[in-house]
Amino acid sequence: MSWQLADVTLDSRFLIGSSLYPSPQIMQQAIVESSAEVVTVSLRRQLPTQQGGQSFWQHIQNLNRHILPNTAGCYSAKDAITTANMAREVFNTHWIKLEVLGDEYNLQPDPFALLEATKELIAQGFEVFPYATDDLVLAERLVTAGCKIVMPWGAPIGTGRGLMNPYALQILRARLPDTTLIIDAGLGVPSHAAQAMELGFDGVLLNTAVAEANDPVMMARGFRDGICAGRNGFEAGVMQQRDLAKPSTPVLGTPFWHQDKHELGG
C-alpha cells in the first residue's frame, strides 16, 4: 500500500544507504533487491575531490531513486548547515537527512545543535529529516520547529543491536500520531525492522546491516520482507497480550463421542 513521505508518494517503506558495500555493482544489486525508492548519499562521497565520486554518483543516478543527501560527519550546527546547502546544489534536492553528532564514541546526536540547525534549514526551505535519539521532548521540539519527519535511532549507528528502548519508541509513536516516524540506525537483522514496523513506525532507514552482510543482496531482500511483514502485522491489528492462557478451541459443551457413548449407554 502506498504512503506519503514528505512531498512524494512511495510504495516501499525501506530507505537504504549507499556506503560500505564491497563494490558499486553489489550496491546497485542490493538497492534494486531491497525495492527501496529512497537512497541516502553522503556529500563527502560525491565531492569531485574524493576519488571515484563521479563514478559513484553515476551508479546512483542509474537507479532512478529519490535522493536523500545527509550531513554525516558534522559535529556542529554551522558545519551541518553549510554541508546541507552544498548538498542542495550538488544533488538538486531540498531534502536533507540532518546529522549533527555530539559524541565520537557512540555517534550520538547532539540535541541542541540538531535543533539549532533544523530551525535554520527549515527557514531556508529545506525538508529536514533529523536523525535523533528516542527522546520524546527533543522529537516534540523538532516537530514544533517544522519537521514533518523525525528519525529516532533504534541503537547507535552501525551497532546492529536492534531496538534498545521499545518503550520509548512506543511513546514517541503514541504522542506524535501525525508525524512521519522513521527508525534510523542500529538495526542488525530483518526481525529488528519487523519489530519497528509492528510498533507502527512508518519506515526504516539502514545501511550497515545490508552493506556488511556476507551477501548484501540477500540481506536486502530479507529486510525488504521483514519490513513488509511488520507493517502487515501492524495494519492487521496485533492481538492483546494476556497473563493467563486462553484455549484456541472452545471447551464448552460435551465432545461428540462422549455424547454418542452416553446415548448408547442410556
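Helices and strands are DSSP runs numbered from the N terminus, with at least four residues (H or I) for a helix and at least two (E) for a strand. The model shown is predicted.

**Figure 1. Overview of the protein chain.** The chain has 11 helices and 10 strands. Of its 266 residues, 47% are buried. Take the contacts between residues at least 6 apart in sequence: 65% of them join residues at least 24 apart.

**Figure 2. L20 in the loop between β3 and α1.** The loop that holds L20 runs between β3 (14-16) and α1 (24-34). What does L20 touch beyond its neighbours within four places in sequence? The partners are T208, A211 and E212. E212 lies 192 residues from L20 along the chain. Even so, the C-alpha atoms of L20 and E212 are 6.8 Å apart.

**Figure 3. The aromatic pair W57 and F91.** Three aromatic pairs turn up in a search of the whole structure. In one of them, the ring centres of W57 and F91 are 5.0 Å apart. Their planes make an angle of 70°. Planes over 60 degrees apart count as edge-to-face, so W57 and F91 form an edge-to-face pair. W57 belongs to helix α3 (residues 53-63) and F91 to helix α4 (residues 77-91). The two residues are 34 residues apart, and their pairing links distant parts of the chain. W57 and F91 are both buried.

**Figure 4. The aromatic pair W95 and F129.** Here the rings are 5.2 Å apart, centre to centre. The angle between the planes is 50°, and the pair is tilted. Which elements does this pair link? W95 sits in strand β6 (residues 95-98), and F129 sits in strand β7 (residues 127-132). They are 34 residues apart, so to speak of the chain, this pair too links distant parts. Both W95 and F129 are buried.

**Figure 5. K97 over the ring of Y131.** K97 lies over the face of Y131. The distance to the ring centre is 5.7 Å.

**Figure 6. Helix α8 against helix α10.** Two packed helices are described by the angle between their axes and the distance between the axes. Helix α8 covers residues 190-198, and helix α10 covers residues 216-236. Their axes come within 7 Å. The crossing angle is roughly 25°. Angles under 35 degrees count as roughly parallel, so α8 is roughly parallel to α10. The crossing of α8 past α10 is right-handed. From α8, the residues that meet α10 are P190, A193, A194, M197 and E198. On the α10 side they meet M219, G222, F223, G226, I227, G230, R231 and F234.

**Figure 7. N64, a residue with positive phi.** Most residues other than glycine have a negative phi. N64 is not a glycine, yet its phi is positive, at about 55°. N64 is in the loop between α3 and β5 (66-70). Is N64 buried or exposed? Its relative accessibility is 70%, so N64 counts as exposed.

**Figure 8. L107, with positive phi in a loop.** L107 is a residue other than glycine with a positive phi, near 55°. Where is L107 placed? L107 is in the loop between β6 and α5 (111-123). The relative accessible area of L107 is 25%, so this residue is partly exposed.

Terms used: Residues numbered from 1 in each chain as written. Predicted model: local features only at pLDDT ≥ 70, side-chain atom pairs only at ≥ 80, totals over all residues. Heavy atoms only, no water. Phe/Tyr/Trp six-rings, centres within 6.5 Å; stacked < 30°, edge-to-face > 60°. Buried < 20%, exposed > 50% of the residue type's maximum accessible area, 1.4 Å probe, protein only. Lys NZ or Arg CZ within 6 Å of the ring centre and 35° of its normal. Axes fitted to C-alpha atoms, helices over the stretch in contact; angles between N-to-C directions. Parallel < 35°, antiparallel > 145°, perpendicular 65-115°, else oblique. Left-handed = near helix turned anticlockwise from the far one by under 90°. Contact = heavy atoms within 4.5 Å.
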